[in-house]
Amino acid sequence: MNRIPLKPLAGQVHHLGYVVDDLEAAVARFAAATGAGPFFFSEHVRLDEVTTGTGEPAVYDHSSAIGQLGDIAVEFMVVHDVLPSSVKEPLTGFASPALHHVAWAVEDWDAVVAQLDAAGAPSYMQARFGAMRTSYHDASALVGHHIEIHLQNPDLVAFFGMVRDASVGWDGTQVLRRLEL
């Protein structure tokens with residue numbers, strides 16, 4: 001069998017991402033069931049640029065909450081509006097709640113994005129927020145879920161470090177905390 005190895009993804013998973021209908025209810029339920037938290041949320045996350053996987057302009061209006069479960073971060077997202085349909089279907093075609101993606105942070109973002117495309121997991125959306133870059137890939141035929149690739153950089157490390165640090169010794173109060181991005 002001729003396979004294209006996904007070696008850059010052999011490292012530590014960065015986070016798990018779930019699509020939900022109600023951010024507050026999903027976070028409360030998950031925190032109560034697992035002890036994960038606290039979760040930092042932002043409504044209608046403003047991104048600097050959003051495109052389809054092929055580079056056409058796209059719309060991605062979502063709210064997100066990110067918390068810590070042991071050694072791994074967990075994201076819950078509500079999708080408010082997304083265009084075009086080539087981006088909307090892979091982001092909203094799920095029953096809620098549902099595991100949407102497994103994410104990795106990588107040094108060579110362009111190479112990993114190209115490798116996933118070549119392996120049959122095409123990018124359907126890419127976004128930029130400051131120095132942070134992300135790409136969503138439909139890898140459901142390969143691994144049963146979508147993959148999100150982040151460019152590893154100091155801003156990403158600092159944000160997820162803040163989330164992790166807040167979880168250390170967390171007393172279970174104030175599960176959901178507003179964060180303006």
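Q: What stands opposite Glu49?
A: In this predicted model, Glu49 faces Arg128 of E7. The strands involved, E3 and E7 (residues 123–129), are antiparallel and share four bridges.

Q: And the sheet as a whole, what's the strand order?
A: The order is E3-E7-E8-E9-E6-E1-E5-E4-E2-E10, ten strands in an open sheet with mixed pairing.

Q: Which strands are at the edges?
A: E3 (49–52) and E10, each of which pairs on one side only. From one strand to the next, the twist averages 25 degrees.

Q: What does H1 touch on the sheet?
A: H1 packs on the sheet with contacts to E2, E4, E5 and E10. The direction of H1 makes about 165 degrees with that of E5.

Q: Where does H5 pack?
A: Helix H5 (residues 154–167) also packs on the sheet, where it touches E1, E2, E4, E5, E6, E8 and E9. Its direction makes about 45 degrees with that of E4.

Q: Back to H1. Which residues are buried there?
A: Leu23, Ala26, Val27, Phe30 and Ala31. Viewed down the axis of H1, the buried residues fall within an arc of 125 degrees, so they line one face of the helix. They pack against E2 (39–42), E4 (59–69), E5 (72–83) and E10 (176–178).

Q: What's exposed on the face turned away?
A: That face of H1 carries Glu24, Arg29, Ala32 and Ala33 as exposed residues.

Q: What span should H1 have, at 1.5 Å a residue?
A: The twelve residues of H1 (residues 23–34) should span 16 Å, and the end C-alpha atoms are 16 Å apart, so the two agree.

Q: What caps the N-terminal end of H1?
A: Asp22 does: one of its side-chain oxygens lies 3.2 Å from the backbone nitrogen of Glu24. After the helix comes Gly35, with a positive phi near 85 degrees.

Q: What does E4 pair with, and in which sense?
A: E4 runs antiparallel to E2, over three bridges, and antiparallel to E5, over eleven bridges. On the E5 side, His62 has Val79 as its bridge partner.

Q: How many residues sit between the strands in the hairpin of E4 and E5?
A: Two. In that hairpin Gly70 has a positive phi, near 60 degrees.

Note on methods
Residues are numbered from 1 along each chain as its sequence is written. This is a predicted model: local features need pLDDT of at least 70, side-chain atom pairs count only at pLDDT 80 or more; totals for chains, interfaces and linings use all residues. Side-chain values use heavy atoms; hydrogens and water are left out. The expected span of a helix is 1.5 Å times one less than its number of residues. Buried means under 20% relative accessible area, exposed over 50%, partly exposed in between (1.4 Å probe, protein chains only). The arc is that of the directions from the helix axis to the C-beta atoms. Contact means heavy atoms within 4.5 Å. A polar contact is a pair of N or O atoms within 3.5 Å; within protein, one must be able to donate a hydrogen and the other to accept it, and residues adjacent in sequence count only if both atoms are side-chain atoms. Two strands pair if DSSP finds at least two bridges between them. Axes are lines fitted to C-alpha atoms, for helices over the stretch in contact, and angles run from 0 to 180 degrees between N-to-C directions.
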